Amino acid sequence: SLFSDLWSLQIMSEDIQTRTFTNWINLQLEPHQYVEELTRDLADGQRLIAVVERLQKKRCTGKIYTSSPSEMQCTMNVQMALDALREEGMRLVNIAAKDIVDGDVK
């Protein structure tokens, strides 16, 4: 049916976008930081901070929680990355740290 064909195209398009973004992120990271699954691997904020630092060519300021961070600490890590992007003038619409920690791809 037309609906199922359109649905299949939508899923395929989202998969291509996800793989393309994952590949781009991996180009920014050191090999030991590679991302395999976006929603899982960015959730603690550590790789997200690494990408932001690489793009901005400077270190993020503040404490980065690296040793088995709690959900709150993961949220603080992600928020640090998002704040750094906003400080550089990037407009982030409908992106909250909690969404990334929860793996909500919207």
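Read along the sequence, the chain follows the pattern α-α-α-α-α, which amounts to 5 helices and 0 strands; helices (H or I, at least four residues) and strands (E, at least two) are DSSP runs, numbered from the N terminus. Please note that this is a predicted model, in which local features need pLDDT of at least 70, side-chain atom pairs count only at pLDDT 80 or more, and totals for chains, interfaces and linings use all residues. Residues are numbered from 1 along each chain as its sequence is written, and side-chain values use heavy atoms, with hydrogens and water left out.

Turning to overall dimensions, the C-alpha atoms occupy a box of roughly 55 × 30 × 25 Å along the principal axes. Of the 106 residues in the chain, 31% are buried, meaning under 20% relative accessible area, with exposed over 50% and partly exposed in between (1.4 Å probe, protein chains only).

Next, the annotation. The UniProt record, an unreviewed entry, assigns "domain: Calponin-homology (CH)" to residues 15–106; such annotations may be inferred rather than shown by experiment. Over residues 15–106 the chain is 57% helix and 0% strand, with the end C-alpha atoms 14 Å apart.

Finally, the surface. Which residues form a nonpolar patch there? They are Phe21, Trp24, Leu27 and Leu55, together exposing about 410 Å² of accessible area (Shrake-Rupley method, 1.4 Å probe; for residues, only the protein chains shown count as cover). Patch members have over 30% relative accessible area and no salt bridge, and nonpolar side chains are joined within 5 Å. A salt bridge here is a side-chain nitrogen of Lys or Arg within 4 Å of a carboxyl oxygen of Asp or Glu. Helix α1 (residues 2–28) contributes the most to the patch, with 3 residues. Phenylalanine 21 lies in helix α1 and counts as partly exposed because its relative accessibility is 40%.

Key. Patches are made of residues with over 30% relative accessible area and no salt bridge: like charges are joined within 9 Å, nonpolar side chains (Val, Leu, Ile, Met, Phe, Trp, Tyr) within 5 Å.
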